[in-house]
Amino acid sequence: LYDRESGRRPVAADGATRVQDDAAILDYVNVLGNDVNLPSPEVPVHALFKGEGDRIELLGYDLSADRVPAGSELALTLYWQADGQVSAAYTTFVHLLDADGEIQGQNDGPPLEGFYPTALWDPGEIIVDRRVIPIDPGVPPGSYRLAVGLYVSDPPRRLETTSGDRLTLTQVQVTE
């Protein structure tokens with residue numbers, strides 16, 4: 001919607017609709033390309049996240065650096081693939097954990113910034129999900145675990161892997 005005279009658009013606001021500035025996303029359309037070559041992950045993982053009949057595989061990831069200064073950002077790209085139709089819209093979490101398991105940096109959110117919910121993924125389709133994890137300036141230098149997982153909020157539950165409800169990808173060194 002917009003006002004013809006001023007050209008201004010009202011801000012979209014509806015709890016049931018994905019809102020982007022002054023527009024609301026009404027539905028999704030999957031457009032298939034010809035001979036699309038997706039990049040391959042730098043670090044292959046092949047870890048299966050499963051629960052409630054859903055099975056989503058983390059094929060691998062790319063990481064911008066394994067050493068980052070406190071107060072900076074860490075860029076991570078995750079490569080996902082669903083084995084079958086996914087029943088729920090899962091949220092991805094990426095946590096930077098200290099030795100006590102406390103979160104020192106994180107990025108939680110739906111895949112592709114909410115623009116492609118897991119319930120819409122086609123079986124076998126590869127999803128390339130880029131994430132940025134801010135590192136607080138007060139994080140002390142040291143070694144931290146970078147962990148990833150998937151969850152739904154209502155009712156709260158996480159998908160499981162062979163190592164629990166999250167998967168440690170690698171160690172990241174935080175410097176001064």
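Student: What should I know before reading the values?
Tutor: This is a predicted model, where local features need pLDDT of at least 70, side-chain atom pairs count only at pLDDT 80 or more, and totals for chains, interfaces and linings use all residues. Residues are numbered from 1 along each chain as its sequence is written, and side-chain values use heavy atoms, leaving out hydrogens and water.

Student: How many helices and strands does the protein chain have?
Tutor: Zero helices and twelve strands. Helices (H or I, at least four residues) and strands (E, at least two) are DSSP runs, numbered from the N terminus.

Student: Why is Thr92 called buried?
Tutor: Buried means under 20% relative accessible area, exposed over 50%, partly exposed in between (1.4 Å probe, protein chains only). Thr92 has 0% relative accessibility, so Thr92 counts as buried. This residue is found in strand E7 (residues 91-97).

Student: What makes Gln81 buried?
Tutor: Its relative accessibility is 19%, so Gln81 counts as buried. Gln81 lies in strand E6 (residues 73-82).

Student: Which residues does Thr92 contact?
Tutor: Contact means heavy atoms within 4.5 Å. Leaving aside neighbours within four places in sequence, the partners of Thr92 include Leu78, Trp80, Asp129 and Arg131.

Student: What lies 2.5 Å from a polar atom of the Gln81 side chain?
Tutor: The backbone oxygen of Gly124. Gly124 is also among the residues that Gln81 touches, and so are Glu125 and Ile126, not counting residues up to four places away in sequence.

Student: What makes E4 and E6 a pair?
Tutor: Two strands pair if DSSP finds at least two bridges between them. Strand E4 (residues 54-63) and E6 have seven, in the antiparallel sense. In E6, Trp80 is the bridge partner of Leu58.

Student: How many bridges join E3 to E4?
Tutor: Seven, and the two strands run antiparallel. They form a hairpin with two residues between them. Glu52 in the turn has a positive phi of about 55 degrees. Gly51 stands opposite Asp54 in E4.

Student: In what order do the four strands form the open sheet?
Tutor: The order is E3-E4-E6-E9, with antiparallel pairing.

Student: Why are E3 and E9 called edges?
Tutor: Strand E3 (43-51) and strand E9 (126-134) each have a single partner strand, so one side of each is left without a neighbour in the sheet.

Student: How much of the protein chain counts as buried?
Tutor: Of its 176 residues, 35%.

Note on methods. Polar contact = N/O pair within 3.5 Å; in protein donor to acceptor, adjacent residues only side chain to side chain.
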